[in-house]
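My notes follow in the order I made them.

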Amino acid sequence: MKPNSDANQHDSTTTQNIQLSIEGMTCASCVSHVEKALKKTAGVHDATVNLATEKASVAVSTGTDVQTLINAVEAIGYEARIPIEHHAHTQLEEPKNNPKWKVGTSIFLSLPLVLPMFLMPFGIHFMIPPLLQFALATLVQFYFGERFHKTSWKALKAKTANMDLLVALGTTAAYLLSVYQLFFQSGDEAHLYFESAAVVISLVLLGKFLEARAKLQATAAIRSLQDLRPETARVLRMGRESEIPTSELFRGDIVIVRPGERIPVDGIVLQGESEVNESLITGESLPVFKGVKDRVTGGSINGPGVLQIKTTAIGTESVLARIIRMVEDAQAGKPPIQRLADQISAVFVPVVLVLALLTVIISVFVTGSWEISLIHGVSVLVIACPCALGLATPTAIMVGTGEAAKSGILIKDAEALELAHSISIVVFDKTGTLTEGKPELAELITISKTESELLTIAYSLQSQSEHPLAKAVINAATEKNITASAVTDLQALPGRGLMGTVNGIKTVLGNQGLMNERKVDTSLLNKEAKALEYEGHTVSWLAAGNEQLEILGLLAFSDRIKPNAKQVIQSLKEKGIRSVMLTGDNEGSAARVALFLGIDEYRSHILPELKAHEVEKLKKRGTVVAMVGDGINDAPAIATADIGMAMATGTDVAMHVAGITLMRGDLELVTDAIEISRRTFSKIKQNLFWAFAYNIVGIPLAAFGYLSPLIAGAAMAFSSVSVVSNSLLLRRIPRSGKSVIHPKNHGCCK
């Protein structure tokens with residue numbers, strides 16, 4: 001949620017976000033009323049209300065009483081409460097305030113009233129007794145239509161107007177006109193419109209029922225995530241194994257997970273080996289091997305082995321809880337495109353009431369019949385439905401973000417979802433994004449020492465480092481049973497290398513820039529280095545000496561390009577999107593990778609702190625720039641881009657900095673995210689077009705008498721259903737998933 005100007009004066013330490021469940025909203029006008037009421041409340045900086053989820057997200061000053069917010073909502077005729085955490089069920093549920101039996105009975109009682117109209121074209125003239133019509137219509141009007149009258153009365157008391165007021169006024173006018181005709185007119189002059197009142201109420205109830213069912217389908221993704229939370233866990237305490245509710249677990253507890261069970265917590269494997277299915281969290285279809293010291297995520301399904309897991313996160317701290325929270329936040333937000341609909345919705349119902357009154361007045365002068373004029377006014381009231389306007393955007397966002405979550409794509413907010421459709425440049429970090437991020441030591445070239453001695457010195461400097469290149473050296477040294485020498489004065493030189501004293505001799509290990517900085521002559525191996533760089537290797541130089549540093553040799557590293565990287569870059573080209581690669585590697589290695597993958601532009605020798613500057617320069621072209629990185633050392637660049645995409649398995653940095661988090665290192669998720677955004681934005685535009693077009697066309701037709709109240713009621717009832725159904729078509733978005741055949745690397749970066 002984007003804070004307003006007032007909210008910008010408060011930082012995150014003085015504000016908090018409160019979620020409320022809102023009951024009684026029926027249309028976009030209701031949303032506008034609730035938002036205004038909340039924003040006027042003391043301590044509130046901003047409020048966003050979502051008709052589809054029936055939730056309000058309120059940014060307030062720390063310490064603001066929640067009851068104050070609830071009172072503000074209730075003062076205008078709606079109900080508010082703190083959402084209750086519970087396990088959702090994936091099967092569809094009946095709307096509590098509009099059950100199936102009530103809808104069915106209302107339709108059953110209305111059928112005899114409308115049946116003569118359907119029989120007339122067949123030459124059958126049949127009419128049930130007027131008093132029976134009165135009895136049936138009265139029952140439908142005041143028992144089954146009770147909700148419309150109640151909410152209308154609350155709205156009037158709060159000096160607001162909503163869709164239920166339109167329905168109540170329209171049906172009551174038709175009902176009272178029929179009562180007047182029945183008891184105060186006689187003979188041919190008595191024209192009854194009981195069927196209009198009863199059928200409109202029945203159709204609106206049916207429409208609301210279908211709409212609620214469709215909204216449940218739209219939230220299926222978030223409910224399936226909630227269902228991943230096991231209710232109990234098998235815990236080992238004091239040497240005894242017992243089953244307890246997951247809510248009673250603590251960090252540090254040892255949890256035992258048997259084959260086929262769902263893992264209840266985030267943790268680290270202490271004992272056992274197994275294959276774990278993480279598909280519902282990361283979208284990865286294949287099971288992942290887990291052994292001792294590997295991390296596991298709550299909600300995953302254990303495979304054939306028994307695992308003992310030390311709990312590291314529970315409740316709201318878990319990855320699953322954060323995923324659910326991110327999806328809910330994205331679904332609750334409003335993209336910029338919704339602003340026009342909100343502005344219209346705020347004045348929609350009052351404008352319709354004025355149009356209906358003008359219709360009656362003008363029609364009286366034209367037709368000379370106040371009875372016909374009143375029916376025209378009723379049609380205007382009935383057909384005007386701001387529901388579609390209120391549902392057009394949130395339902396599309398709900399389905400779009402839900403489908404993205406199924407694929408392992410977490411979209412932080414609605415604005416990121418909307419903006420992603422217009423991406424024109426995608427910037428990639430190289431190591432760990434375009435490549436596997438697991439470099440291997442491919443070659444050692446030495447001048448005066450043996451390869452073993454050279455590796456020992458390099459290993460000594462890097463034995464405690466977590467850098468990917470250091471890990472490659474550590475792995476190579478471990479395989480050869482090499483022991484590290486004593487190192488003192490060890491110093492990391494970010495973006496360049498390492499410096500320290502090995503066996504009393506000052507030693508440096510790093511890139512060409514570090515060698516130039518330390519005035520090390522590398523000319524003896526320049527030819528070999530250039531050849532290795534041309535083949536796509538990353539070269540590190542090793543030099544030592546107390547008086548003058550002299551080159552000892554070089555280490556060449558290879559990092560395999562991800563199997564589907566080339567086809568992803570090609571897919572971006574087909575979408576009209578340019579690709580740019582930023583890397584700290586040398587020119588030769590960067591050029592080789594860029595040429596092989598077909599990347600449009602690349603920058604080499606870029607230090608991590610300068611990547612954000614490069615992204616800023618690309619943004620100045622007037623383009624929408626996305627940055628794809630690992631979410632840790634690329635965090636500044638990800639934050640600078642218009643859209644940040646972090647490739648990280650749910651790390652805090654990724655989730656907080658990036659607008660979109662890719663839950664696994666599959667590059668195809670980048671194109672999937674863009675495609676989901678494009679399709680979702682397209683659905684939003686379609687929904688808003690039909691919502692506006694429906695009213696622009698329908699209201700004049702009703703005003704000029706071309707639509708009876710019955711037809712108007714049917715059209716109004718199904719307008720919102722059609723919008724939600726259109727949004728549900730997003731569930732058919734084709735996603736790349738895991739490709740069966742990948743292009744070969746052709747030895748580029750081996």
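**Arg234.** I found Arg234 in strand S5, residues 232-237; helices (H or I, at least four residues) and strands (E, at least two) are DSSP runs numbered from the N terminus. The model is predicted, so I note that local features need pLDDT of at least 70 and side-chain atom pairs pLDDT 80 or more, while totals for chains, interfaces and linings use all residues. Residues are numbered from 1 along each chain as its sequence is written, and side-chain values use heavy atoms, without hydrogens and water.

Is Arg234 buried or exposed? Arg234 is buried, because its relative accessible area is 13%; buried means under 20%, exposed over 50%, and partly exposed in between, with a 1.4 Å probe and protein chains only. Its side chain makes a polar contact of 3.0 Å with that of Glu261. I take a polar contact as a pair of N or O atoms within 3.5 Å; within protein, one must be able to donate a hydrogen and the other to accept it, and residues adjacent in sequence count only if both atoms are side-chain atoms. Beyond four places in sequence, the contacts of Arg234 (heavy atoms within 4.5 Å) include Glu241, Ile254, Val255 and Arg258.

**The sheet.** I then traced the strands around S5. Six strands form an open antiparallel sheet, ordered S6-S5-S7-S13-S8-S11; two strands pair if DSSP finds at least two bridges between them. At the edges, each pairing on one side only, are S6 (240-245) and S11 (295-296). S11 is joined to S8 (residues 266-271) by two bridges, antiparallel. One residue I checked was Ile268, whose bridge partner in S11 is Arg295.

**Ser202.** I next looked up Ser202, in helix H7, residues 194-218. Ser202 counts as buried because its relative accessible area is 3%. Which side chains make polar contacts of 2.7 Å with Ser202? Ser106 is one, and Ser110 is another, also at 2.7 Å. Leaving out residues up to four places away, Ser202 touches Ser106, Ile107, Ser110 and Val140.

**Phe365.** Last I checked Phe365, which lies in helix H11, residues 338-367. Phe365 is exposed, because its relative accessibility is 72%.

**Whole protein.** I logged 26 helices and 26 strands. Of the 750 residues, 53% count as buried. Among contacts between residues at least 6 apart in sequence, 70% join residues at least 24 apart.
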